[in-house]
Amino acid sequence: MAIYYNITTLNDFVILKQKDYPNAKGELSNLLSHIGTAAKIVNKKITKAGLVDILGRAGTVNVQGEDQQKLDIYADKVFTDALRTSGDCCGLATEENQNIIVFTDKFARKGKYVVCMDPLDGSSNLDYNVSVGSIFSIYRRITPRGENVGNEDFIQKGDMQVAAGYIVYGSSTMLVYSTGNGVYGFTLDPSIGEFCLSHSCIKTPEAGRIYSINEGNYVNFPMGIKKYIKYCQEKDESTGRPYTSRYVGSLVSDFHRNLLMGGVFMYPSNANAPKGKLRIVYECNPIAFIAEHAGGAASDGHERIMGLTPESLHQRSPFYTGSKNMIKKIEEFLATEGY
Ligand code: AHG
Ligand code: MN
Ligand code: MN
């Protein structure tokens with residue numbers, strides 16, 4: 001018999017998965033499906049970027065003093081509105097806002113979850129048609145339901161994440177997420193406007209061969225990283241070296257490629273940025289969650305990223321994530337040659 005319907009959409013899938021948790025009330029599923037819809041709206045704008053007046057700088061800077069692109073602000077607003085109206089999210093923290101956003105209407109206040117987001121990652125690449133992403137992380141709130149959320153709800157240990165994921169707006173648009181029980185990837189089929197399950201139970205190779213780092217910062221790297229880069233470039237048959245180097249400059253894109261192919265993404269501390277560049281709460285932790293649940297690792301150079309307790313919303317950390325063998329080696333180099 002011919003089959004006329006053989007897709008699993010993101011929305012179908014989150015509801016199917018919910019059945020694994022008999023006590024689940026569908027709140028997380030609802031949140032994920034709102035994130036999926038917002039991602040489609042952001043995707044629509046990105047794919048038209050050269051045609052409408054959305055490219056370029058907005059003329060403002062964000063809390064970290066970085067230039068905001070028009071699309072940074074657009075994506076921030078779309079995700080904020082989607083989460084506010086979901087009814088299951090009581091507050092949001094994003095790269096674009098100095099303070100947390102507290103949803104104060106009576107439904108949202110009762111929401112069980114808070115979300116941390118980098119609404120548009122790699123946005124300096126946007127004007128040049130290079131792939132970018134969005135990153136999200138979901139926690140159960142600590143403050144009682146019905147009250148306004150506070151900072152403590154957002155600066156939890158990465159280990160406390162209930163779900164996390166990202167969208168990569170690449171040659172195709174994909175949403176990858178995990179609720180701690182497998183990592184799943186959905187490709188947007190633009191003809192039907194649905195994210196369709198395309199990558200079931202993603203596992204990252206334990207032994208990777210790609211290293212991704214901005215080598216332009218080499219002179220400022222810690223000695224351990226300088227030596228590790230040289231190690232990657234040396235010839236050695238048993239470990240498959242020299243490794244190959246790839247760097248897009250969008251964390252999501254670099255991470256996504258390495259997740260599927262095996263490799264490591266590095267953003268070390270450097271002489272100009274002692275804590276590196278990437279933010280723990282909405283960049284490192286969600287990516288670390290995906291990495292670990294796919295069998296990989298994520299570290300700040302000596303300990304697991306998700307074991308850290310951030311002290312502030314926009315705190316940065318050196319970040320190393322990807323295949324286990326590579327993270328282990330990097331930690332060894334840093335420990336013996338210096339941070
Ligand atoms: P964002 O666009 O959200 O500020 O993030 C940019 C980040 C990240 O995506 C990327 O890995 C890194 O910046 C690249 O930094 P360099 O240009 O210093 O290599
Ligand atoms: Mn980013
Ligand atoms: Mn960003």
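Predicted model: local features only at pLDDT ≥ 70, side-chain atom pairs only at ≥ 80, totals over all residues.
Eight strands make it up, and it is open, running in the order β4-β3-β5-β6-β7-β8-β9-β10 with mixed pairing. At its edges sit β4 (101-102) and β10 (194-199), each of which pairs on one side only. Zooming in on one pair, β7 (residues 161-169) lines up with β8 (residues 173-178) in the antiparallel sense, and six bridges link the two. One spot to look for is Val 168, whose bridge partner in β8 is Met 174.

Helix α2 (residues 27-47) touches β3 (89-94), β5 (113-121), β6 (132-140), β7, β8, β9 (183-189) and β10. The direction of α2 makes about 20 degrees with that of β7. Helix α5 packs on the sheet too, touching β5, β6, β7, β8 and β10, and its direction makes about 100 degrees with that of β7.

Helix α5 also has a helix partner. The axes of α5 (residues 251-261) and α6 (residues 280-293) come within 12 Å and cross at roughly 10 degrees. Angles under 35 degrees count as roughly parallel, so α5 and α6 are roughly parallel to each other. Their crossing is right-handed. As for who meets whom, Leu 251, Phe 255 and Leu 259 in α5 come up against Glu 283, Ile 287, Ile 290 and Ala 291 in α6. Sorted by type, the residues of this contact between α5 and α6 come out as six nonpolar, no polar and one charged.

Key. Residues numbered from 1 in each chain as written. Chains lettered and ligands numbered in written order. Heavy atoms only, no water. Axes fitted to C-alpha atoms, helices over the stretch in contact; angles between N-to-C directions. Helix = DSSP H or I, 4+ residues; strand = E, 2+ residues; numbered from the N terminus. Parallel < 35°, antiparallel > 145°, perpendicular 65-115°, else oblique. Left-handed = near helix turned anticlockwise from the far one by under 90°. Contact = heavy atoms within 4.5 Å. Nonpolar A, V, L, I, M, F, W, Y, C, P; charged D, E, K, R; others polar. Pairing = 2+ DSSP bridges.
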